[in-house]
Amino acid sequence: MTLFRKFLDNVVHDRHPDEGTIIVVGKPKSKYYGTVTPYPNFCARSDAAALEKAIETKGVDEDVIISILVDRSNEQRQKIKAAYEESTGKPLADALKSALRSHLEDVALALLMTPAQFDAHELRKATKQGFGTKEAVLVEILASRSNQEIRDIKRVFKEEYEEELEDVIKSDTSGDFTSALLAMLKADKDEDNTIDLERAKKDAVALFEAGENSKGTDVSTFINILTSRSGPQLTKTFQTYNRVGDVSLPKALDAELKGDIEDCLIDIVKCAWSKPAFFAEKLHLAMKGRGTCEDTLTRVLVSRSEVDLKKVMDEFKAMYGKTLQEVISDDVKGHFEKILLALCGPH
């Protein structure tokens with residue numbers, strides 16, 4: 001079952017009946033859903049020394065490198081980087097580039113970056129590879145990050161690449177797709193946990209009038225609403241839309257729009273409904289059929305490993321009938337398989 005199909009099957013079920021005008025959605029419990037946790041009895045100098053030995057060993061000890069990098073939190077890795085450079089006089093990233101190869105190198109270097117650095121790196125790579133812009137990557141990152149995370153990404157992007165992210169987006173994309181990306185880059189999305197029923201009704205009507213009930217399509221209305229409302233608010237709007245329009249909102253988007261902007265807005269809809277399911281589908285598509293998109297596997301597993309990867313894995317099993325670990329083992333091999341499975345946490 002694809003996430004798109006699952007969305008269409010579930011969005012019609014209204015969990016919040018129209019009673020009153022404001023519904024307060026309880027804040028998520030503080031339970032941790034990441035797979036990577038801080039290492040107990042952590043010592044940055046000891047880890048730096050162990051990495052130095054593993055890197056300088058004849059043949060390189062990849063197992064030690066994997067164990068240290070995956071078993072430490074991102075904050076701990078930053079301390080290991082500092083300790084390594086203090087001890088050896090050279091950056092740990094440079095040492096790993098020389099010691100490792102291929103996709104294992106990519107994951108190791110990704111784990112050394114802060115979350116904002118990694119996101120900025122992926123956005124840069126998506127726009128500057130020389131083979132055209134990877135639009136799906138731009139949308140994946142910007143649609144799934146919080147306002148503060150987007151502000152951090154923009155700051156780091158400017159520091160690292162001496163360009164404004166907005167300027168890069170403008171030069172590498174066009175039309176309504178550019179407008180949608182720039183709207184997300186404003187980082188002013190409502191992040192309140194309340195649901196305004198009146199607003200949901202007004203937004204549903206506005207979306208209907210801008211699409212199904214119009215000869216043309218007022219894309220700006222779709223962009224404005226879908227990029228500025230909270231996830232719970234949008235979910236309520238989607239449910240309300242079913243009583244206003246002739247079809248569900250995703251089907252309306254599919255009928256009214258084409259190309260990058262359609263894919264962009266549908267991904268925003270999916271992300272608002274369920275980020276874990278959104279990323280589960282990304283992982284599934286990365287390993288579906290012939291060939292593997294190693295970049296997607298690396299990006300999703302690294303970026304969600306201290307956020308919600310346990311939830312992503314649960315959704316993956318529910319949607320596709322196999323555990324994520326089983327599919328990874330079927331699809332990739334060697335040390336790349338080992339580091340990806342380690343990121344998934346213990347069985």
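Predicted model: local features only at pLDDT ≥ 70, side-chain atom pairs only at ≥ 80, totals over all residues.
Helix 6 itself spans residues 102-112, and eight of its 11 residues are buried, so the rest of the structure largely encloses it. If you want to find them, look for Leu-104, Glu-105, Val-107, Ala-108, Leu-109, Ala-110, Leu-111 and Leu-112.

Two of those names turn up again at a pocket. The second largest pocket has 20 lining residues, and Leu-109 and Ala-110 are among those nearest its centre, together with Ala-93, Lys-97 and Met-113. Its volume is about 380 Å³. Which elements give two or more residues to the lining? They are helix 4, helix 5, helix 6, helix 7 and helix 18. Helix 7 gives the most, with five residues. Sort the lining by class and you get nine charged, eight nonpolar and three polar residues.

Now hop over to helix 18, where you'll find Arg-299. Is Arg-299 buried or exposed? With a relative accessible area of 4%, Arg-299 falls under the 20% cut-off, so it counts as buried. The side chain of Arg-299 makes a polar contact with the side chain of Glu-140, at 2.9 Å. Setting aside neighbours within four places in sequence, Arg-299 is in contact with Glu-140 as well as Phe-118, Glu-122, Val-137 and Ile-141.

Next up is the largest nonpolar core, which has 105 residues. Ile-65, Leu-96, Leu-265, Leu-301, Leu-324 and Ile-328 touch the most other members. Helix 16 (residues 259-273) gives the most to this core, with nine residues. Take Ile-65 as an example: leaving out residues up to four places away in sequence, Ile-65 touches Leu-51, Ala-54, Ile-55, Val-60, Leu-96 and Leu-100.

For a contrast, go to Lys-128, in the loop between helix 7 and helix 8 (135-144). Lys-128 has a relative accessible area of 41%, which lies between the 20% and 50% cut-offs, so it is partly exposed. What does Lys-128 touch, not counting residues up to four places away in sequence? The list is Glu-163, Val-168 and Asp-172.

Terms used: Residues numbered from 1 in each chain as written. Heavy atoms only, no water. Buried < 20%, exposed > 50% of the residue type's maximum accessible area, 1.4 Å probe, protein only. Helix = DSSP H or I, 4+ residues; strand = E, 2+ residues; numbered from the N terminus. 1 Å grid on protein atoms, 1.4 Å probe; cavity = no way out; pocket = protein on both sides within 12 Å on 5 of 7 lines; lining within 4 Å. Points joined across faces, edges and corners; volume = space filled by probe spheres on them. Nonpolar A, V, L, I, M, F, W, Y, C, P; charged D, E, K, R; others polar. Polar contact = N/O pair within 3.5 Å; in protein donor to acceptor, adjacent residues only side chain to side chain. Contact = heavy atoms within 4.5 Å. Core = buried A, V, L, I, M, F, W, Y, C linked by side-chain atoms within 4.5 Å.
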